[in-house]
Amino acid sequence: MPVTVAMYEKSLEVIGARLAALDLDIRVIPFDRNGMFRIDGVPTPPGEVDVDYLWLSTHLNADGATPAAFDLALACRSLAVLQTFNAGLDHPFYRTAADRGIRICNSSAQGVAIAEYVLAQVLSVLHPVELQRRQQRDRVWKVTPFREIAQTHWLIVGFGAIGSELATRVKTFGATTTVVRRRPAVSASVDRAGVTADLPALLPDADIIVIACALTEETAGMVDASFLAAVRPGAILVNIARGGLVDDDALMAALDDGRLETAVLDVFHEEPLPRDNPLWSHPRVRLTPHTSFAGNGGPARWEQLFLDNIARYVRGEPLDREVDPADI
């Protein structure tokens with residue numbers, strides 16, 4: 001029996017030819033933005049369909065069809081494997097799917113883009129680029145000292161695809177790297193490693209702290225007053241994970257008293273961030289609208305991850321990026 005593969009109809013338009021070229025024993029069934037399958041041109045409700053492998057691609061977001069796709073996945077008569085464009089699986093949908101025994105693969109496609117975003121933002125803090133532009137405008141010939149990344153110590157909290165891509169790039173600059181991960185192992189890009197319980201001892205050494213871990217019951221609000229009290233004065237905090245990891249009141253207090261030099265924030269408790277939120281105007285905050293993933297190489301990586309994984313599934317091989325249900 002061929003493997004039944006389901007995907008959004010626009011995703012099939014984009015990837016159909018490359019998928020066919022793999023010559024896999026599969027049957028592809030598309031679904032529309034309303035959460036209905038189209039089988040041989042006939043609209044079919046998901047409750048009548050058994051799916052082996054469902055791909056939730058980024059094309060869903062462009063049409064605002066992700067909620068309908070979530071509903072479709074849970075309404076299928078059966079579903080074996082779900083591959084998603086998300087790196088973080090904190091949406092309740094994923095817990096529900098895992099509880100039903102659905103195998104879930106998340107995405108590593110964002111890692112390169114987010115790592116570059118972090119470097120760009122941190123460099124813009126360490127280097128006086130705006131001052132240099134003003135001096136150019138005013139024809140001022142004056143040296144502008146800056147901090148070198150090579151002289152900094154980075155603490156990366158979370159060492160999945162994003163954390164590892166970032167550590168590799170930071171290490172290339174010659175910085176010292178410490179990571180917090182489930183199992184405290186070092187590597188070529190990691191000088192020191194610890195677990196969450198080690199944070200109070202690790203924070204005082206860090207010049208740049210990057211929050212890149214999953215949002216779970218254990219990590220929610222982890223960047224709180226006690227966390228920030230342990231931070232070295234003048235540190236830079238970057239959050240590219242989830243807004244719920246940070247206590248905003250504690251963050252504002254740490255910025256106001258100068259303990260944190262700068263907070264780079266790409267994620268928030270509420271998105272879009274309300275226009276009256278004080279983070280918009282705080283002089284020590286660099287704020288972007290959940291855009292760190294938006295590198296031009298992302299779409300190709302998302303698509304290739306799907307093509308590689310569906311081939312693995314058909315051949316009965318281990319899947320890339322399969323997540324342990326206990327970690328959701």
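Are Phe 70 and Tyr 94 buried or exposed? Both residues are buried. The points below concern a predicted model.

1. A search of the whole structure returns eight aromatic pairs.

2. **Packing of α3 and α4.** The axes of these two helices come within 11 Å and cross at roughly 10°. Because angles under 35 degrees count as roughly parallel, α3 and α4 are roughly parallel to each other. On the α3 side, the contact is made by Phe 70, Ala 73 and Leu 74; on the α4 side, by Phe 93, Tyr 94, Thr 96 and Ala 97. The contact residues comprise six nonpolar, one polar and no charged.

3. **Pairing of Tyr 53 and Phe 306.** These two rings form a tilted aromatic pair, at 6.2 Å centre to centre and with 55° between the planes. Tyr 53 lies in strand β5 (residues 50–56) and Phe 306 in helix α11 (residues 298–315), so the pair links parts of the chain 253 residues apart. Tyr 53 is buried, since its relative accessible area is 0% and the cut-off for burial is under 20%. Phe 306 is likewise buried, with a relative accessible area of 0%.

4. **Aromatic cluster.** Tyr 53 and Phe 306 also belong to a cluster in which ring pairs link them with Trp 55 and Tyr 313.

5. **Largest nonpolar core.** This core has 32 residues, and those with the most contacts inside it are Leu 155, Ile 209, Ile 211, Phe 227, Leu 251 and Leu 260. At least two residues each are supplied by the strands β8 (153–157), β11 (208–211), β12 (235–239) and β13 (260–265), and by the helices α8 (199–202), α9 (225–229) and α10 (248–256). The largest share, five residues, comes from α10.

6. **Surroundings of Ile 209.** With neighbours within four places in sequence left aside, Ile 209 is in contact with Leu 155, Leu 203, Phe 227, Val 231, Ala 235, Ile 236, Leu 237 and Val 238.

7. **Second core.** A separate core of 31 residues is also present, including Leu 60, Leu 89, Ala 97 and Ala 109. Ala 97 is also one of the α4 residues in the contact with α3.

Note on methods
Residues are numbered from 1 along each chain as its sequence is written. This is a predicted model: local features need pLDDT of at least 70, side-chain atom pairs count only at pLDDT 80 or more; totals for chains, interfaces and linings use all residues. Side-chain values use heavy atoms; hydrogens and water are left out. A nonpolar core is a set of buried Ala, Val, Leu, Ile, Met, Phe, Trp, Tyr and Cys residues joined through side-chain atoms within 4.5 Å. Buried means under 20% relative accessible area, exposed over 50%, partly exposed in between (1.4 Å probe, protein chains only). Helices (H or I, at least four residues) and strands (E, at least two) are DSSP runs, numbered from the N terminus. Contact means heavy atoms within 4.5 Å. Rings of Phe, Tyr and Trp (its six-membered ring) pair if their centres lie within 6.5 Å; planes under 30 degrees apart count as stacked, over 60 as edge-to-face and the rest as tilted. Axes are lines fitted to C-alpha atoms, for helices over the stretch in contact, and angles run from 0 to 180 degrees between N-to-C directions. Angles under 35 degrees count as roughly parallel, over 145 as roughly antiparallel, 65 to 115 as roughly perpendicular and the rest as oblique. Ala, Val, Leu, Ile, Met, Phe, Trp, Tyr, Cys and Pro count as nonpolar, Asp, Glu, Lys and Arg as charged, and the others, Gly among them, as polar.
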